[in-house]
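Biologist: I would like to learn how to read strands, sheets and helices in a model, one feature at a time. Could we go through them together, with the general idea before each case?

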Amino acid sequence: MAAPVNKVLIIGGGFSGMAAAIELRKRGIGVDLVEIDPGWRSYGAGISLGGATMRALVQLGVIDAYLAEGAASDGVAIHIPTGQKVAELPTPRLAGPDVPGNGAIMRPTLARILADATRASGANVRLGCTFTRIEQDACGVDVTFTDGTGGRYDLVIGADGLYSKVRDAVFRDAPKPQYTGQGVWRAVLPRPADIDGTMMWLGAKIKPGLNPVSKDAMYLFVTEDRATNDYIDPSEFLQRVKALLAPFPDPRLQRVRDALNEDSQIIYRPLESLLMPSPWYKGRVVLIGDTVHATTPHMASGACIGIEDALVLADELSKAGSIDQALDRYLARRWERCRTVVQNSSRLGEIEIAGGDKEEHARIMRATLAALAAPI
């Protein structure tokens with residue numbers, strides 16, 4: 001039997017959507033990708049990546065570009081506020097002996113690398129465009145676009161993020177994202193010579209960290225408990241982040257605090273979580289990435305599991321059998337792995353908010369890292 005699809009529409013040009021386009025094109029499947037943002041922009045500061053993400057970037061064929069523009073190292077150093085190192089989290093080299101097990105890069109830089117690879121794959125990319133109508137029958141999906149055109153596809157992949165319009169249109173009873181009671185601050189700064197890998201500090205309620213994102217830049221992240229998801233005026237960002245770092249006497253963090261200024265690209269994001277129940281497909285429409293399993297950044301694995309979705313879905317769609325069989329196999333390979341990341345990350349946040357059992361926190365981190373190290 002032949003593979004069940006010849007032409008696929010991907011709605012959403014984020015990391016998971018681009019990864020799906022790249023992998024489907026490798027298998028000779030025709031791909032249209034529509035992205036609502038005419039500039040195909042990616043917002044944010046740095047993004048931390050673990051060994052499983054590095055492994056996925058190798059499969060996508062972009063690891064060399066990543067290593068040329070991002071940063072990579074081994075291990076995560078854990079400190080108390082005074083600066084004493086109290087633990088080192090191992091990060092195995094899952095992508096091979098020459099690729100470190102941990103790293104970070106500016107989010108727009110990684111988006112550009114993947115966008116270049118998407119265009120090079122031969123996918124038909126249409127920017128400033130999305131869908132207005134999705135109607136399917138037993139043989140295909142008819143889609144009408146915002147520019148007035150239409151198309152017919154064997155399969156539609158919804159990869160349009162946490163507030164997915166595809167999910168709203170096709171899975172009307174799907175849950176909505178939920179605020180978790182924490183937020184994360186990020187900023188970009190010049191990288192001193194002594195910041196050569198991922199570092200974190202464990203305060204009573206505040207958890208800052210530093211991660212190189214290139215040869216000369218690093219990003220700061222600070223997790224903060226916030227009982228309500230209230231709006232914060234951007235004019236307050238600088239002073240709020242400085243105040244969060246004040247209780248940490250480690251000279252390295254105090255140098256960072258002093259260096260923060262209006263050019264530090266400070267952003268704040270409330271942490272939201274979503275795990276859509278199975279199944280993640282209906283007929284010939286399937287969801288991947290944050291549309292079905294948005295996670296908090298406690299395991300630095302949100303982008304990872306979204307990209308992995310794309311790799312697995314492309315793999316299953318290239319095999320013989322019906323679309324239902326391919327999507328069932330996709331879900332069987334993805335559900336437990338993604339559930340583990342989302343729910344364990346949420347539990348880590350709950351423990352931090354409550355000032356709970358640090359041993360449980362450590363056990364969950366170790367178990368999640370072990371799960372992510374397993375093949376996809």
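Biologist: In which sense do strand 15 and strand 16 pair, and over how many bridges?

Modeller: Please keep in mind that this is a predicted model. As a general idea, the strands of a sheet pair through backbone hydrogen bonds, and they can do so in a parallel or an antiparallel way. Here, strand 15 and strand 16 (217-225) pair in the antiparallel sense over six bridges, with Lys 207 standing opposite Thr 223 in strand 16. The two strands are joined by a hairpin that runs through four residues.

Biologist: Which residue of strand 15 does Met 199 stand opposite?

Modeller: Met 199 stands opposite Leu 210 in strand 15, and this belongs to the pairing of strand 14 with strand 15, which is antiparallel over two bridges. Strand 14 and strand 15 also form a hairpin, with five residues between them.

Biologist: Which way do the residues of strand 15 point, and are they buried or exposed?

Modeller: In general, the side chains of a regular strand alternate between the two faces of the sheet. In strand 15, Lys 207, Gly 209 and Asn 211 point one way, while Pro 208, Leu 210 and Pro 212 point the other way, and all of them are buried. Strand 15 is accordingly described as mostly covered, with six of its six residues buried.

Biologist: What covers the buried residues of helix 7?

Modeller: The buried residues of helix 7, which spans residues 251-259, are Arg 252, Leu 253, Gln 254 and Val 256. Their cover includes strand 15, together with strand 5, strand 13, strand 14, strand 16 and helix 6.

Biologist: What is the order of the strands in the open sheet of three strands?

Modeller: The order is 9-10-11, and the pairing is antiparallel. Strand 9 (131-136) and strand 11 (150-153) stand at the edges with a single partner strand each, so one side of each has no neighbour in the sheet. Neighbouring strands of this sheet are turned by 20° against each other on average, if direction is ignored. Strand 10, residues 141-145, pairs with strand 11 in the antiparallel sense over four bridges, and Thr 144 stands opposite Gly 150 in strand 11.

Biologist: At what angle do helix 9 and helix 10 pack, and how far apart are their axes?

Modeller: Two packed helices are described by the angle between their axes and by the distance between those axes. Helix 9 and helix 10 (residues 358-373) pack at an angle of about 160°, and their axes are 10 Å apart. Angles over 145 degrees count as roughly antiparallel, and helix 9 and helix 10 are therefore roughly antiparallel to each other. Helix 9 passes helix 10 in a left-handed crossing. Among the residues that meet between them are Arg 337, Thr 340, Val 341 and Asn 344 in helix 9, and Ile 364, Thr 368, Ala 371 and Leu 372 in helix 10.

Biologist: Why does Arg 337 count as buried?

Modeller: Arg 337 is found in helix 9, residues 323-354. A residue is called buried under 20% relative accessible area, and Arg 337 counts as buried because its relative accessibility is 11%. Leaving aside neighbours within four places in sequence, Arg 337 is in contact with residues including Ala 52, Arg 55, Glu 308 and Pro 375.

Biologist: Which residues does the annotation "domain: FAD-binding" cover?

Modeller: According to the unreviewed UniProt entry, this annotation covers residues 7-345. In the model, that span is 31% helix and 31% strand, and its end C-alpha atoms lie 36 Å apart.

Key
Residues are numbered from 1 along each chain as its sequence is written. This is a predicted model: local features need pLDDT of at least 70, side-chain atom pairs count only at pLDDT 80 or more; totals for chains, interfaces and linings use all residues. Side-chain values use heavy atoms; hydrogens and water are left out. Two strands pair if DSSP finds at least two bridges between them. Axes are lines fitted to C-alpha atoms, for helices over the stretch in contact, and angles run from 0 to 180 degrees between N-to-C directions. Buried means under 20% relative accessible area, exposed over 50%, partly exposed in between (1.4 Å probe, protein chains only). Contact means heavy atoms within 4.5 Å. UniProt positions are given in the numbering used here, feature names are shortened, and annotations may be inferred rather than shown by experiment. Angles under 35 degrees count as roughly parallel, over 145 as roughly antiparallel, 65 to 115 as roughly perpendicular and the rest as oblique. A crossing is left-handed if the near helix is turned anticlockwise from the far one by less than a right angle, and right-handed if clockwise.
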